[in-house]
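Dear colleague,

Please find below the structure that I am handing over to you. My notes on it follow directly after.

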Amino acid sequence: MCRRSTVAGPIVLGIESSCDETGAGIVRDGRLLAHVVASSMDEHALFGGVVPEIAARAHLQAFNPVVRGALEQAGLRLGQIDAVAVTTGPGLSGALQVGLAGAKTLAYAAGVPLYGVHHLAGHVAADTLEHGPLPTPCVVLIVSGGHTSLLLVRDLVREPILHLGDTLDDAAGECFDKVARIMGLSYPGGPAIDRAARDGDPRVVDFPRPLTRPGDDPYAFSFSGLKTAAARWVEKHRAQGLDLPVADGAAALQEAVADVLTRKALAACAAYDVGTLIVVGGVAANSRVRGLAEQRCAAAGIELRVPPMTLCTDNGAMIAAVGDLLVRSGAEPAPLDVSIDPSAPLEYASLTPLSAPPVRAA
């Protein structure tokens, strides 16, 4: 039997299954020991977007191999794990259920506590695996396929997270996906837009910058109108029988998104007298978002922190990072009847919704 060693801090296994990536990561004292991800993206690409039933089935098939891979990468056995952390929301209901059921099984088999984690808090914590503890306070810009939020974070696992602004409709990544489809580019749309934009000129098309006029909410986001403007631009070219300058359109769209995101993030840093901006989430991998953030932060004297691209998309390492912080802070583990919340708002890093009581017949 393996003897568990906690002299150097607890070893935390993290499980992520909120969408189309099955991830397992292992973290100890803020240090990444293992990071394995299996994606079902190719299966969803056939349909132009994520199909919940396909995602849930893919998680079932990938769960055990991904966990085994993480343990092997770290040179550990399950009996050496001190805690298990798992995404309990938000996300696809069936996908979350698969991850939670598997995590409960692992925690029970290893005889260790289980911690429920908010998916978006995981994205924030991903940065700590590369750059160390979060500055207190810091402004965090989360940009992904389903979420665009501007946050003021103090102590990630001990204090409530203050939302400065959120998307009112489409998230930035969702805008990329939908416009990429209209332009005839591949799924997922974010990387496809980024690749196409390399050969384009963003000045050719003047796409709008939503919610940036005087009087608009300074920290709220809206990308539905930008998506519509791009769609009309495409339709106009096709109606006139003109060749579509995809590269220019992609570059202009990318520039508009990056401009809005970084403009609002820097304004928040100035308003709250914060010296560090952290950009996380799948869209943080976009080259123009990164480049413009670097340029504007340097000009404003703001430290910019962005995780490596492998930690920007969904992964188990980021969930393990939150679990590691929760364990070391003395947080209470999740109760045995912890459930999922597919639409949970981000208020705290720990997310432990309870199972609904059974409905009794009248």
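Helices H4 and H11 are roughly perpendicular to each other, a term for angles of 65 to 115 degrees, whereas angles under 35 degrees count as roughly parallel, over 145 as roughly antiparallel and the rest as oblique. In this predicted model, H4 covers residues 119-126 and H11 covers residues 316-329; the two pack at an angle of about 90 degrees, and their axes lie 8 Å apart. Axes here are lines fitted to C-alpha atoms, for helices over the stretch in contact, with angles running from 0 to 180 degrees between N-to-C directions. Helices (H or I, at least four residues) and strands (E, at least two) are DSSP runs numbered from the N terminus.

On the H4 side, the contact (heavy atoms within 4.5 Å) is made by His119, Ala121, Gly122, His123, Ala125 and Ala126, and on the H11 side by Met318, Ile319, Ala321 and Val322. Seven of these residues are nonpolar, three are polar and none is charged; Ala, Val, Leu, Ile, Met, Phe, Trp, Tyr, Cys and Pro count as nonpolar, Asp, Glu, Lys and Arg as charged, and the others, Gly among them, as polar. H4 is mostly covered, with eight of its eight residues buried. Buried means under 20% relative accessible area, exposed over 50% and partly exposed in between, with a 1.4 Å probe and protein chains only.

Because the model is predicted, local features need pLDDT of at least 70 and side-chain atom pairs count only at pLDDT 80 or more, while totals for chains, interfaces and linings use all residues.

The largest nonpolar core has 49 residues, and Leu141, Leu150, Phe207, Phe223, Leu253, Leu261 and Leu277 have the most contacts inside it. Such a core is a set of buried Ala, Val, Leu, Ile, Met, Phe, Trp, Tyr and Cys residues joined through side-chain atoms within 4.5 Å. Among the elements that give two or more residues to this core are strand S6 (138-143), helix H8 (224-239) and helix H9 (246-271); H9 gives the most, with 13 residues. Phenylalanine 223 touches, beyond its neighbours within four places in sequence, residues including Asp169, Cys175, Val257 and Leu261. A second, separate core of 33 residues includes Val12, Ala121, Ala321 and Leu326.

Cysteine 297 is buried at 1% relative accessibility, and cysteine 312 is buried at 0%.

Some backbone features also deserve mention. A cis peptide bond with omega of about -5 degrees joins threonine 136 and proline 137, the latter in the loop between H5 and S6. Another cis bond runs from tyrosine 187 to proline 188, with omega near 0 degrees. Aspartate 29, though not a glycine, has a positive phi of about 55 degrees; aspartate 29 is partly exposed, at 38% relative accessible area.

With kind regards

Key
Residues are numbered from 1 along each chain as its sequence is written. Side-chain values use heavy atoms; hydrogens and water are left out.
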